[in-house]
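I opened this model to look at how its chains are built and how they touch. My notes follow in the order I took them.

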Amino acid sequence: MQIIISNSSDKPIYEQITSQIKNLIIAGELQPGDALPSMRYLAKELRISVITTKRAYEELERDGFIESVPGKGCFVAMKNMEFIREEHLRLAEEYLQKAVDSAKTAGIALPELQEILAMLYKEEQ
Amino acid sequence: MENVLEIRKLNKRYKGFSLSDVDITLPSGSIMGFIGENGAGKTTTIKLILNLLHRDSGEIKIFGKDNIRNEKEIKEEIGVVFDECNFPDTMKISEISRVMGHIYSKWDDNTFGRYADKFSLPANKEIKEFSRGMKMKLSIAAAMSHGARLLILDEATSGLDPVVRDEILDIFLEFIQDERNAVFVSTHILSDIEKVADYITFIHKGRIKFSQPKDELLENYGILKCSYSEFDAVDKSAVKGYRKNDFGVEALVLRDQIRGYKTIDHATLEDIMLFTVRGDQQ
Amino acid sequence: MKGLILKDLLSLKKQGKLLLLMLVFFVVYSYATKNTSILGSMLAVLCTMLPITTLSCDERSKWDKFALSTPVQRKTVVVSKYVLSILFNITAFAIMTVINLILLPYIENANLEETVLTLLGTCMGTLLILAIFMPFLFKFGVEKSRFILMAIYALPLMISGLIHKMNIPLPDERFLKSLAYASPVITLCLLLISVNVSVGIYNKKEF
């Protein structure tokens, strides 16, 4: 499992970790039941604060991607990955609906909106 | 996990300088950077923690115990590194190990030997022939060879080259892999702290300006660069310090209190410190 | 305390070698001049110097600051210096006595009892000087205390000079002898007082 963080990105470090691990899980590189490195070990290797990794793991757990077993560590959740993907798809649709509403109110046409979407999407990569 | 260090309302008055109502909490398993300009009170605070100075009032608890009433047992578990090597310079490292063995009940000669090897400290030279970096490494090796749970460093890394400092940061990170341990390091070298600290405490003229998780600090603050007129329009409660030059204004601001799509750059620890201290003088 | 004394002994290594050299020189000198009185004075000077040397070494390397961050208590630091001084004195006294015994056949006017008592007196005298001087060392540090040390050394000289001038009769030999025998007890009491004073000073000290 490789995690690469950037200090110069606008995205906070914990978010970078969260999205990278999420992607690894969704892509199947991390299977349900796989053990994640301990928060402390990850912090040491990436040379960042333990508070950051803790926050990342807490968010992953909140979103249902991982679960922590007291005394043993954190593991990729046994939950149905499809279900999680559905959940995020629903959220994305919800946000896009808001964007569409906003655009319509200001008379912004679909092509322009699509352009913005494409630009934003590329920025995230 | 309990807090390794708890300081409450610490006060110490000197002629011309006083430490006022200092509050610091260091949770176990973390590294705290203690920063501030020269003369701000960093060394005074550390000396008060170690009872080298007598406090006027306030409370200091280490591992949950009072630092004066339980002084002897607490000090078994504190490893201290000052800015110079405090051993007599005619001694050799084997002799130091012998002496320390009588001072600390949990002194481990093997651990010391391993650090000495790791740091390539010469076994048969007197300390006076060591370079500054080697002397520091020796002090650190000694601090880590008696089962300490709290490491306190007072400007121990100034004057060391980046390579050595990097090695020392690795040692800190390794040290806190054990959740019961903690590191309290006072330093001027903010770039080091910015990398590995979990918490930052900033002291200025004897008072604590802030004590927060490092991430929060770096996320919340930013450097706003704008024109004089734009600056006038900004909500002043969001500004923590600013610098005007002939062509515009640079200000340390709380990001989420600045409305509008203005350019807000990342603030480094150094920025935060400089603006807080010098921004005072505007 | 063992650790502190060990550290002091180890840091005096260099001086130790010098000392040995001087000792050899003076032994030869005494043999040559058939007079061992110089050994006694050497003992006195050296024994007052050594604790000062260790304190000076401590000051240079800022050892106290570090020592007090360890489990070593302030009281222990003070007491260890006294113990070290007493150990030096007793060792020096023993060595000098042995040397005198060995050189006895070669010395003019050799009187064993007198020699030993003189050595004892010197030994106790040195400890007395230390008892007076140590609290000053702890309070003011080595540099500032040098003048005080010179004054303390000068005092007996001035007093004996004064006694001479004023023609005050010296106490008789028997009195001096009993004084010499009693000196360890007197010195011990004074040392105990001194230790307490020093500990009080050191406890209040800020580093």
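I started with the contacts inside chain C. I counted two residues as in contact if their C-beta atoms, placed from the backbone, lie within 7 Å. Of the contacts in chain C with a separation of 6 or more, 83% are between residues 24 or more positions apart.

Before going on, I noted that this is a predicted model, where local features need pLDDT of at least 70, side-chain atom pairs count only at pLDDT 80 or more, and totals for chains, interfaces and linings use all residues. Residues are numbered from 1 along each chain as its sequence is written, chains are lettered from A and ligands numbered from 1 in the order in which they are written.

**Chain C, fold and shape**

I looked up the secondary structure next. Chain C has seven helices and zero strands. Along the sequence the pattern reads α-α-α-α-α-α-α. Helices (H or I, at least four residues) and strands (E, at least two) are DSSP runs, numbered from the N terminus.

In chain C, 29% of the 207 residues are buried. A residue is buried if 20 or more other C-beta atoms lie within 10 Å of its own, exposed if 12 or fewer, and partly exposed in between; C-beta atoms are placed from the backbone.

**Which chains touch**

Two pairs of chains are in contact, and chains B and C share the most contacts. No contact joins chain A and chain C. Their closest C-alpha atoms lie 28 Å apart.

I took the B–C contact first. Chain B gives 24 residues and chain C gives 22 residues. On the side of chain B that touches chain C, helix H2 (71-75), strand S6 (78-81) and helix H3 (93-103) of chain B each give two or more residues. H3(B) has the largest share, five residues. I sorted this side of chain B into twelve nonpolar, four polar and eight charged residues. Ala, Val, Leu, Ile, Met, Phe, Trp, Tyr, Cys and Pro count as nonpolar, Asp, Glu, Lys and Arg as charged, and the others, Gly among them, as polar.

Then I turned to chain A. Here 13 residues of chain B are in contact with nine residues of chain A. Helices H6 (162-175), H7 (190-196) and H8 (214-220) of chain B each supply at least two residues of that side of chain B. H8(B) gives the most, with three residues. The side of chain B that touches chain A holds four nonpolar, three polar and six charged residues.

**The sheet in chain B**

Four strands of chain B form an open sheet in the order S2-S1-S4-S5, with antiparallel pairing. Strands S2 (17-27) and S5 (65-66) of chain B stand at the edges with a single partner strand each, so one side of each lacks a neighbour in the sheet. Two strands pair if DSSP finds at least two bridges between them. I found five bridges between S1 (residues 3-14) and S4 (residues 57-62) of chain B. Asn11(B) has Ser57(B) in S4(B) as its bridge partner.

The mean pLDDT of chain A is 86, and 95% of its residues reach 70 or more. pLDDT is the predictor's confidence in each residue, from 0 to 100.
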